[in-house]
Amino acid sequence: MIRIISGSQKGKKLGVADKVTKALTDRIKTSVFDLLKDFIPKSKVLDLFGGSGNFAIEALSRGAKNATIVELNIKAIDIIKNNILITNFFNNTKIVNRDAFKYAKSVKGRESFDIIFLDPPFTFTMKEKQHLLSLSIDLLDKNNPDALLVFRYPKREIHASTKGVEVYAKDYGISKVSFFKKTQSQ
């Protein structure tokens with residue numbers, strides 16, 4: 001079980017699809033949300049590779065306007081649905097059972113987000129993760145200069161983007177979390 005750290009649903013426990021997804025640790029989640037706290041209220045959030053919906057639900061608990069959770073695994077989708085019911089965020093949440101690559105390509109130019117959380121499986125190749133980074137940056141709201149992409153990946157890897165600029169990065173054990181903003185020309 002994981003828990004909501006802060007906000008309207010603070011302390012509520014969320015289910016996790018064991019052996020299907022990896023849960024974001026409280027340490028990383030606390031640190032990321034401490035950095036995002038001023039950007040969350042009224043934001044539109046995208047949680048790619050949603051797992052349990054942990055990131056999106058935490059954002060909603062802290063005042064995000066709505067969240068889209070993309071997850072391919074049907075067992076994880078069932079957990080996400082239950083977590084949304086437990087927290088009473090079903091009116092603010094859209095759950096998409098789809099491949100993250102296909103989803104990002106299909107909504108480009110039609111949807112945009114203020115905060116995107118990208119946490120692909122560590123088993124993906126660097127090339128796949130780099131492609132996802134590029135696709136995801138395209139989904140940041142170009143009218144919001146504070147729109148952020150939060151990208152978690154193995155710290156031994158190096159990722160950069162011509163579409164975005166890394167504004168902050170921190171290592172957490174085997175993980176690295178980088179924050180990207182869309183470049184002005186995008």
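Is K42 buried or exposed? K42 is exposed, with a relative accessible area of 66%; exposed means over 50%, buried under 20% and partly exposed in between, using a 1.4 Å probe and protein chains only.

1. **What you are looking at.** This is a predicted model, in which local features need pLDDT of at least 70, side-chain atom pairs count only at pLDDT 80 or more, and totals for chains, interfaces and linings use all residues. Residues are numbered from 1 along each chain as its sequence is written, and side-chain values use heavy atoms, with hydrogens and water left out.

2. **Two loop residues with positive phi.** K42 has a phi near 65°, a positive value in a residue other than glycine. You will find K42 in the loop between α1 and β3 (44–48); helices (H or I, at least four residues) and strands (E, at least two) are DSSP runs, numbered from the N terminus. N88 is not a glycine either, and has a positive phi of about 65°. N88 sits in the loop between α3 and β5 (93–97).

3. **The largest nonpolar core.** A nonpolar core is a set of buried Ala, Val, Leu, Ile, Met, Phe, Trp, Tyr and Cys residues joined through side-chain atoms within 4.5 Å. The largest one has 29 residues, and V32, L36, V45, F55, V150, V177 and F179 touch the most other members. Two or more residues each come from α1 (26–36), α2 (54–61), β4 (66–71), α3 (74–87), β6, β7 (148–154) and β9 (175–182). The largest share, five residues, is given by α2.

4. **Salt bridges, starting with D26 and R3.** Counting a side-chain nitrogen of Lys or Arg within 4 Å of a carboxyl oxygen of Asp or Glu as a salt bridge, the total comes to 10. In one of them, the side chains of D26 and R3 meet at 3.4 Å, N to O. D26 lies in helix α1 and R3 in strand β1 (residues 2–3), so this pair ties together parts that are 23 residues apart in sequence. D26 is partly exposed at 30% relative accessible area, and R3 is also partly exposed, at 38%.

5. **A buried pair, R152 and D119.** R152 forms a salt bridge with D119, and their closest N and O atoms are 3.1 Å apart. The pair links distant parts of the chain, with R152 in strand β7 and D119 in the loop between β6 and α5 (126–137), 33 residues apart. Both R152 and D119 are buried.

6. **E157 and K129.** Here the side chains meet in a salt bridge at 2.7 Å, N to O. E157 lies in the loop between β7 and β8 (164–172) and K129 in helix α5, so the pair ties together parts that are 28 residues apart in sequence. E157 is buried, with a relative accessible area of 5%, and K129 is buried at 0%.

7. **A network.** K29, E58 and R62 are worth a look as a group: salt bridges link them in a network.

8. **A positive patch.** R98, K102, K105 and R110 gather in a patch of positive charge on the surface. Patches are made of residues with over 30% relative accessible area and no salt bridge, with like charges joined within 9 Å and nonpolar side chains (Val, Leu, Ile, Met, Phe, Trp, Tyr) within 5 Å. R110 lies in the loop between α4 (100–107) and β6 (115–118), and is exposed with a relative accessible area of 63%.

Notes:
Areas by Shrake-Rupley, 256 points an atom, 1.4 Å probe, with all protein chains shown as cover. Lys, Arg positive; Asp, Glu negative; His and termini not counted. Charge placed at Lys NZ, Arg CZ, Asp CG, Glu CD.
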